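I opened this entry to keep track of what I looked up, one topic at a time. The sequence and the structure go in first.

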Amino acid sequence: MKTRILWLMGLVIALLVPALPAVAQEETPTDGYITIAGTVRDKQSRRTLEYVNVSVPGTHIGTVTNADGTFSIKVAKPYAHEAIELSHVGYLNTRLPLSGKDEEGRVIYLEPNTNRLEEIIVRGDARQIVMEAMSKIPDNYPATSSLLTGFYRETAQKGRRYITISEAIIDIYKTNYKRVDASRDRVRVLKGRKLLSPKASDTLIVKLLGGPNLSLYVDIVKNPYLLLDPELLPYYAFTLEESTTLDDRPHYVVRFEPRAALPYSLYQGKLYIDKERLAFTRAEFELDLSDREKATAAILRRKPFGLRFRPTGVTYLVTYAEREGVTCLNYIRNEIRFRCDWRRKLFATNYAMISEMVVTDGKLEETERIPYRESFKPSQSLSDKVADFADERFWGAYNIIEPTESLEKAVNRLKKMHDKNQ
């Protein structure tokens with residue numbers, strides 16, 4: 001019996017990789033490129049830095065470092081003699097000139113921005129800063145529709161052991177940000193692959209919030225109903241924390257937390273707002289778990305009868321980056337941790353589902369919307385018919401998030417399990 005873990009957004013979004021159109025392989029880029037791979041570390045402490053933005057300035061080509069601080073970026077030949085830029089919150093940006101050739105094993109040190117930021121004089125309060133940033137969304141974000149390319153990965157763990165690994169290249173169509181509404185935005189899956197644990201004991205059927213449409217739902221600027229709904233602001237308390245820098249620009253850091261009890265769970269976390277442009281550039285937040293029943297209702301849509309489900313952590317990270325003079329969606333990470341057990345059983349099992357999406361390319365110009373028939377639909381089940389995970393060149397010229405060392409080991413372990421069961 002195969003492991004099946006289903007995620008939901010709106011109706012049903014399966015956690016497995018979707019069925020692919022017949023032309024998916026033909027859509028893989030074939031132009032030449034060079035590959036730059038390395039590890040990013042803190043210059044002072046030498047510790048590795050996760051989720052560092054790695055990009056080619058002046059383009060949409062980019063990726064992020066993984067949880068081990070490593071990255072690999074494929075740069076098209078026309079930009080092979082340019083540079084890549086690395087940026088991270090609280091650090092100075094660093095540019096690495098390119099030689100036009102592949103480079104591996106680079107160790108890049110980011111310098112913490114220890115320069116004291118100029119004092120920020122607040123003529124209002126934290127709530128007012130958030131409201132002003134909301135009013136400037138039409139000015140700071142794309143004024144035209146856009147078609148972005150992204151890499152999407154989701155994994156499921158039972159305890160510390162991976163039981164599902166799914167990956168996909170996706171197209172993301174977004175309407176302009178003049179109207180803050182994500183209802184007409186769409187996602188299309190180009191190609192994907194997955195590995196499932198063949199152990200019957202790994203079978204778990206639950207339906208949770210998530211899936212490839214994560215890039216639509218968790219874009220907090222475009223989808224205000226998650227956090228930035230004007231009607232919800234009165235139910236949050238906002239406070240200013242010590243300011244920081246991001247992309248060499250000073251930022252307000254605004255902490256928010258619920259200050260009222262509603263029939264549903266709210267969130268708590270931090271918003272990073274560019275001081276000069278008043279643009280949201282980063283959000284770190286988590287679902288309030290103080291009321292377990294409300295928190296469960298926010299993420300769980302279906303479970304087998306008799307299964308007891310308890311969320312233990314639901315966190316999000318959303319980042320934006322400047323492209324062509326406007327602020328664009330860059331990276332999303334969602335982690336859902338929960339415990340499950342069956343009635344009359346003594347022990348519960350810990351599970352973790354982690355999904356992440358990084359924008360790796362795209363263009364900001366009026367473009368045709370992804371046809372409905374090609375879009376990934378909230379009610380769509382994801383297919384088991386995907387390409388062989390063993391193909392090392394499966395992604396071709398597409399950029400991805402490098403797998404961590406633990407994930408690579410999990411892939412090898414699952415492959416061996418599948419080989420034994422064939």
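Before I start, I need one term: a polar contact is a pair of N or O atoms within 3.5 Å, and within protein one of them must be able to donate a hydrogen and the other to accept it. I also note that this is a predicted model.

**Entry 1: Tyr272**

The side chain of Tyr272 makes a polar contact with the side chain of Glu284, at 3.2 Å. I then looked up where Tyr272 sits, and found it in strand β16. Is Tyr272 buried or exposed? Its relative accessibility is 7%, and buried means under 20%, so Tyr272 counts as buried. Leaving out residues up to four places away in sequence, I listed what Tyr272 touches, including Val89, Thr244, His251, Phe280 and Glu284. I also checked Val130, which is 142 residues from Tyr272 along the chain; the C-alpha atoms of the two are separated by 9.7 Å.

**Entry 2: the whole protein**

I counted secondary structure next and got five helices and 21 strands. The protein has 422 residues, and 56% of them are buried. I looked at contacts between residues at least 6 apart in sequence; 69% of these join residues at least 24 apart. The protein exposes about 19800 Å², with 46% of that supplied by carbon and sulfur atoms.

**Entry 3: the sheet of ten strands**

I traced an open sheet of ten strands with antiparallel pairing, in the order β12-β11-β10-β21-β20-β19-β17-β16-β15-β14. From one strand to the next, the twist averages 15 degrees.

Strands β19 (residues 307-323) and β20 (residues 326-342) are antiparallel and pair over 16 bridges. I picked Leu317 and found its bridge partner in β20, which is Arg333. Helix α4 (residues 292-299) packs on the sheet and touches β17, β19 and β20; its direction makes about 60 degrees with that of β19. Helix α1 (residues 126-135) lies across β14, β15, β16 and β17, and runs at about 70 degrees to β14.

**Entry 4: the cores**

Which residues touch the most other members of the largest nonpolar core? This core has 65 residues, and the answer is Ile220, Phe280 and Phe285. Strand β19 gives the largest share of this core, six residues. Apart from it I found another core, of 19 residues, among them Ile34, Val40, Phe71 and Ile108.

**Entry 5: the sheet of three strands**

I also traced an open sheet of three strands, ordered β6-β3-β9, with mixed pairing. Its edges are β6 (70-76) and β9 (103-110); each has a single partner strand, so one side of each has no neighbour in the sheet. Neighbouring strands here are turned by 35 degrees against each other on average, direction ignored. Strand β3 (residues 33-42) and β9 run parallel and are joined by six bridges. In β9, Thr39 has Val107 as its bridge partner.

**Entry 6: Lys158**

My last item was Lys158, in strand β10 (residues 146-158). Lys158 has a relative accessible area of 17%; the cut-off is under 20%, so Lys158 is buried. Setting aside neighbours within four places in sequence, Lys158 is in contact with Ile163, Ser201, Asp202, Thr349, Asn350 and Tyr351.

Terms used: Residues numbered from 1 in each chain as written. Predicted model: local features only at pLDDT ≥ 70, side-chain atom pairs only at ≥ 80, totals over all residues. Heavy atoms only, no water. Helix = DSSP H or I, 4+ residues; strand = E, 2+ residues; numbered from the N terminus. Buried < 20%, exposed > 50% of the residue type's maximum accessible area, 1.4 Å probe, protein only. Contact = heavy atoms within 4.5 Å. Areas by Shrake-Rupley, 256 points an atom, 1.4 Å probe, with all protein chains shown as cover. Pairing = 2+ DSSP bridges. Axes fitted to C-alpha atoms, helices over the stretch in contact; angles between N-to-C directions. Core = buried A, V, L, I, M, F, W, Y, C linked by side-chain atoms within 4.5 Å.
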